[in-house]
Amino acid sequence: GTTCVLVSFPFIFNPCLGCKDNTPQWAAFIYYLPFIIIFQFGWAATQISHLSLIPELVTSDHEKVELTAFRYAFTVMANITVYGLAWLLLNFQVDQSDRTEHLGIQDVPIFRNLSLIVVGLGAVFSLIFHLGTKEKPYPPGSLPQLEESTPLLQKEPMSPMRPLLIWKDWLLEPAFYQVAVLYMSTRLIVNLSQTYIAMYLTNSLLLPKKYIATIPLVMYVSGFLSSFLMKPVNKWIGRNLTYFVGILVVLAFASWVTLARQIGAEIYGAAVLLGAGSATILVTSLSMTADLIGTNTHSGAFVYGAMSFTDKMANGLAVMVIQNLHPCPTELCCPACISFYHWVMVLVTGGIAIAAIASLCCIMVWPIRVRYRE
């Protein structure tokens, strides 16, 4: 997975090799398509394998939250690094007299350089991970070797072992679909808000292009700080209420955007709300997924893969629908897209948050547990 990402990502953010000004869009599309497919495959393989380590490493529910929160915190640190580099590169460019305040074709070298820096840093830390992380020497679920001091007769009768679930068994689990819908809703909020925040800032609020680096940076910093509160908050009020608090914060952001059509410096406050709320619901939904897997760690990759599949499918369909509704598809932006991106930000946060609350209510009525073969 790491290799696929390393060999494909730089090409996605580089100009099409051999393309000219009169090259048709379909030719460029065909050029970029294989690199995007390879990257998505590699990213999914890396992410699912990494997530599957969480229930392997710890068994306590609170430790799962803590490990997931730490994982998210380091993810945020990586994102902060990317946006910090983007801010530096954009600021360095803006200081030049022949540059404009809005994104354009002149910014291609900036994103090319940024992608190369990101790939280089990622390669270094991936190498550290692969060299420093040791997997278990025996397969999950196998019995450890008996030693001389191990008693042959148990003082207490052992409880019968529950059969471990294979991938087909998960398809019969109602909780599997409950968590999948909740995780899909969470990812829709997080991914779509990150996707369209740049267009909202530059096209709806008409802010300078440096804001596309500073606002996500504020979001990630607030999410980073929020992630350290996940373990104590989960201990105090539980998984469901923690998720509910996070979704309320997201709804507060959506309400702010809805009521304030023209936002200036206040956008930083709204970004704090979105960052904190997104971090809370994402960490909690991943912890719920780890709870669902429980001791069935040998099929944990299938569960995370299925969650990721629903997430990718839903996000892809959502982006297609939004782009098909774009009021000026033949132009970069027109007067109508000012309000368009405004309402996109409202719906991808507030609208999907309502669907997430409905899914959470189902989980509160029917708690997450394995019911198959009971």
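Predicted model: local features only at pLDDT ≥ 70, side-chain atom pairs only at ≥ 80, totals over all residues.
Let's start inside. The largest nonpolar core has 42 residues, and the ones touching the most other members are Tyr200, Leu201, Ile215, Tyr243, Ile247, Ile267 and Met345. Where does this core come from? Six helices each put in two or more residues: H6 (174-204), H7 (211-227), H8 (230-259), H9 (267-293), H10 (300-324) and H11 (336-365). H11 gives the largest share, with 13 residues.

Now pick out isoleucine 267. Which residues does isoleucine 267 contact, if we skip neighbours within four places in sequence? You'll find Tyr200, Leu201, Leu205, Leu207, Tyr211 and Ile215.

There's also a second, separate core, made of 31 residues, and Val65, Leu165, Phe176 and Val179 are among them.

Next, helix H10. From first C-alpha to last, its 25 residues reach 36 Å, close to the 36 Å expected at 1.5 Å a residue. Quite a few residues in H10 are buried, including Gly300, Tyr304, Ser308, Asp311, Asn315 and Ile322.

Last stop, the surface. Trp26, Phe29, Ile30, Leu33 and Ile37 make a nonpolar patch of about 560 Å². Take leucine 33, which sits in helix H2, residues 25-57. Is leucine 33 buried, partly exposed or exposed? Partly exposed, because its relative accessibility is 34%, and the cut-offs are under 20% for buried and over 50% for exposed.

That's it from me, thanks!

Technical notes. Residues numbered from 1 in each chain as written. Heavy atoms only, no water. Patch = residues over 30% accessible without salt bridge, like charges linked within 9 Å, V, L, I, M, F, W, Y side chains within 5 Å. Areas by Shrake-Rupley, 256 points an atom, 1.4 Å probe, with all protein chains shown as cover. Salt bridge = Lys/Arg side-chain N within 4 Å of Asp/Glu carboxyl O. Helix = DSSP H or I, 4+ residues; strand = E, 2+ residues; numbered from the N terminus. Buried < 20%, exposed > 50% of the residue type's maximum accessible area, 1.4 Å probe, protein only. Core = buried A, V, L, I, M, F, W, Y, C linked by side-chain atoms within 4.5 Å. Contact = heavy atoms within 4.5 Å. Expected span 1.5 Å × (residues − 1).
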